Every structure is written in C-alpha cells, then in structure tokens.
Amino acid sequence: MFSFELVPNSPLWKLEIIGSIAEDVGVDGIWLSEHPDNRSSILTACHLLKTFPRLWIGIGVLNPYMFHPLTIAQVAATLSEIAPKRVYIGIGAGDRTSLEKAGIKRAHPLKKVERCVKIVREILEKRFYQDEEIHLRLNFRPRSRVPIYVGAQGRRMLRLAGKIGDGVLVNHTNPDLLEFAVNEVKVGAEEANRRIDELDLAAYLTISMSEDESKALKTAAPYSAYIICGAGREFIERLGIDPKIVEDVRRILRIGDWIRLYQVLPPDYVKATAFIGGVEELKELVAKLFKLGYTQIVFGSPFGPRILKALKMIREVIKYFEEDINRE
C-alpha cells in the first residue's frame, strides 16, 4: 500500500491540487500531519474526505498533550459519518520542538500515549470509558471501525506500538533505523501475543527528490532539523550526530533562522534523516522496506524542490511496484 503525507501549511486549494495528483499517481490514501502552527489537520481531513471519495484520509498524529482522548474519539467517530471505512487516526507523543514552542512540556510520553490509545479505542468500540479519574460516554455510534495507528520512533514507543496499535507509523527514513524499528515492533507484538501480520507497518519517509542534490538537501534541511531535534538520545547516538549541533539547531528552530540552519546543519545529517535521490534510488529503498516487512510506504514531505516534478518521479516508483505485483 502506498500513501502520501500532506502538511497543512498551504491553502486548502493547493492541498486539493496535490490530492488530485495523488489520485492520478495511484496512492491509496493521504496522511495529514498535525502541527500547532499549521492549519487544523482535523478540519483539513473533513474537507479532503468530501473532496476525494476514493482516498482514505489519516491524521498522523494527534498527541495527548493538545488533544484529550475524548476529543480524538469524537473526531474519529464524526469523520466516520462523513466517510465510513476511509478514516485512520494516528496517536503519538507529538513533536517535542513544536510542543515546547507552544509552552507544552512533553512529560511521560509512553504512559500518555498508551493511556490515550486505550481510552480512544474503548470509546469508539463501546461508546463508554470509565476509570478512577474520568467517566465518559459518546452519545452516537461511529459508522465504521476506525483503525488506530501509533506514531513511533524510539525503542520503547515502537514496542508499545507493536502491543497496542492497529498500525504503526514509523517516523524514520534511514534504512538501518527502519530495520531496527521492525525488530522492535515485532518484540512488542510478541510480548502481547500478537502476530506481526496483524499490524499495518507503515514507513513514514521524508522525501526530497531532484537531479540537483544541493537543491534537494536544502529543501529537506528544515524537515531533518525537526526530526533531529525531536529525536531521543538513542536515535542521535545511532546516527552519530553531534549533540552540540542538535542544541545549535534547536536554538535556530526557535527563531526560524533558515539561512543560519543551512550553514549549521551538515549535509550528511540531512542524508541520515531524509531520502535524497532519484527514481532508481527510491525503488531500491522501497524494495528493501517491503522485504523487511513494511506493508505501507508513506511518501512524506517535502517531496522535492520542484514538487510537481518530484510527484511524477514518485509515480514512476509506484507504477514499477504495481507492475511487479501484477507480474506475480
């Protein structure tokens, strides 16, 4: 299965254009990322579900610091009335840098995500949830089941996703980290007596495609910066990233000094956290991910310095694998 990520930082009419291209390219659905400073992923999902009746729409991800579990369940159930069987909900800890800029401390992310998923699932399935702190009831029934994906990066969150998720959104692009992630999700699934094939394992890739590597790197740099600054210590150590540079980049992101970012962030760090290349290189990466056990490939922003050209390149990749499946 193939899907696109759309970041709601553009007007809805622009997102509609990319959505139309997504239909032509042949993806099955669209993931909308949620950031405090962009348009609402929830309202954008509502609009796109009405605009594109063939595509499913996922929100990836809503975090329990900004969204109460009842709100997430309410959103999921309401969207299922608009588009039964075409709504996916992602739940995760959220981007640390974005939350800090909003004055929100991301404390106890593992516990918060686990509890949030539990509450949302029970409300959607039973329309009722009660524990020692809360007593909640939903006064209407969802039109269809809404799968819950867990957004994960670090070891413990990946294992939790394997235990409780209907799917996993693995927020890595580096092949070694994507292999590491599969193994950790498997451990979590086994601990919960689940089979790994019960989960939709989605590689949520950061893509920047162009024949001009320098332009592709510059386009991907802000995305890589947020990935690096939101990552845990184990992630940083695995990629061999200098913690001092991480702190420098974090300060730059707070003030939005993009020119300074291009000077500070080494190209190798961008390549370690984003896909930089052309059609053949992307074919190789996707083939490797399918072999590792991934069942969904999410082609994520920024796509490339020239978006329309990058999307055409992605279409070549999708067509290649579709033809390969048909030959089998």
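Helices (H or I, at least four residues) and strands (E, at least two) are DSSP runs, numbered from the N terminus. The model is predicted, so local features need pLDDT of at least 70 and side-chain atom pairs count only at pLDDT 80 or more, while totals for chains, interfaces and linings use all residues. Residues are numbered from 1 along each chain as its sequence is written, and side-chain values use heavy atoms, without hydrogens and water.

**View A. Glu 211 in the loop between β9 (200–209) and α8.** Glu 211 counts as exposed because its relative accessibility is 62% (exposed is over 50%, buried under 20%, partly exposed in between; 1.4 Å probe, protein chains only). Its side chain makes a polar contact with the side chain of Lys 309, at 2.9 Å (a pair of N or O atoms within 3.5 Å, one able to donate a hydrogen and the other to accept it; residues adjacent in sequence count only if both atoms are side-chain atoms). Glu 211 lies 185 residues from Gly 26 in sequence and 23 Å from it in space, C-alpha to C-alpha.

**View B. Phe 299 in the largest nonpolar core.** This core has 83 residues, and Leu 282, Tyr 294 and Phe 299 have the most contacts inside it (a core is a set of buried Ala, Val, Leu, Ile, Met, Phe, Trp, Tyr and Cys residues joined through side-chain atoms within 4.5 Å). Not counting residues up to four places away in sequence, Phe 299 touches residues including Phe 2, Phe 4, Leu 205, Leu 282 and Ile 314 (contact means heavy atoms within 4.5 Å).

**View C. A second, separate core.** It has 27 residues, among them Ala 225, Ile 227, Leu 239 and Ile 245.
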